[in-house]
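Colleague: Could you take me through this model, with the criteria behind each term?

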Amino acid sequence: MLQHFKYERMFPNSELPGWIVSFLYEGKKYFANYEQDGSIVWESEKPNNIEQCEKMIHELMLFNVYDN
């Protein structure tokens, strides 16, 4: 489970898509860019269970950004 999930626009004061996400996963802090097409570009090391982690990121972004 992701904890302390945060996201912010990659381009402040703009409607351009792209977000910077950060969160804790399995006790480690991670940073990534969530691109317009849904791809995730890792700015920190990748988590061990990357497929599960990326699925949770997509679900949270869908709920927080796209469904609002």
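The questions and answers below go from the overall fold to single residues.

Modeller: This is a predicted model, in which local features need pLDDT of at least 70 and side-chain atom pairs count only at pLDDT 80 or more, while totals for chains, interfaces and linings use all residues. Residues are numbered from 1 along each chain as its sequence is written, and side-chain values use heavy atoms, with hydrogens and water left out.

Colleague: Which pattern does the protein follow along the sequence?

Modeller: The elements are DSSP runs numbered from the N terminus, with helices (H or I) of at least four residues and strands (E) of at least two. The protein holds one helix and four strands. Read along the sequence, the pattern is β-β-β-β-α.

Colleague: What share of the 68 residues counts as buried?

Modeller: Accessible areas come from the Shrake-Rupley method with a 1.4 Å probe, and for residues only the protein chains shown count as cover. On the relative scale, buried means under 20%, exposed over 50%, and partly exposed in between. The protein exposes about 4,800 Å², of which carbon and sulfur atoms supply 50%. The share of residues that count as buried is 34%.

Colleague: In what order do the four strands form the sheet?

Modeller: Two strands pair if DSSP finds at least two bridges between them, and in general such pairing runs through backbone hydrogen bonds, either parallel or antiparallel. Here the sheet is open and its pairing antiparallel, in the order 1-2-3-4. The edge strands, each pairing on one side only, are strand 1 (2–9) and strand 4 (40–42). The twist from one strand to the next, an angle between N-to-C directions of lines fitted to C-alpha atoms on a scale from 0 to 180 degrees, averages 25 degrees.

Colleague: Which residue of strand 4 is the bridge partner of Ala 32?

Modeller: On one side, strand 3 (residues 28–34) pairs with strand 2 (residues 19–25) over seven bridges in the antiparallel sense, and there Val 21 stands opposite Ala 32. The partner of Ala 32 in strand 4 is Trp 42.

Colleague: Why does the pair of Phe 5 and Tyr 7 count as tilted?

Modeller: The structure holds six aromatic pairs, where rings of Phe, Tyr and Trp (its six-membered ring) pair if their centres lie within 6.5 Å, and planes under 30 degrees apart count as stacked, over 60 as edge-to-face and the rest as tilted. Phe 5 and Tyr 7 belong to one aromatic cluster with Phe 23, Tyr 30 and Trp 42. Phe 5 counts as buried at 19% relative accessibility, whereas Tyr 7 is partly exposed at 35%. Their ring centres are 6.4 Å apart, and the pair is tilted because the planes stand at 35 degrees.

Colleague: Which residues does Lys 6 touch beyond four places away in sequence?

Modeller: Lys 6 lies in strand 1 and counts as exposed at 52% relative accessibility. With contact defined as heavy atoms within 4.5 Å, and residues up to four places away in sequence not counted, Lys 6 touches Ile 20, Val 21 and Ser 22.

Colleague: What phi does Glu 26 take in the hairpin of strand 2 and strand 3?

Modeller: Most residues other than glycine have a negative phi. Glu 26 sits in the loop between strand 2 and strand 3 and is exposed, with a relative accessible area of 56%. The hairpin has two residues between the strands, and the phi that Glu 26 takes there is positive, near 55 degrees.

Conventions. Buried < 20%, exposed > 50% of the residue type's maximum accessible area, 1.4 Å probe, protein only.
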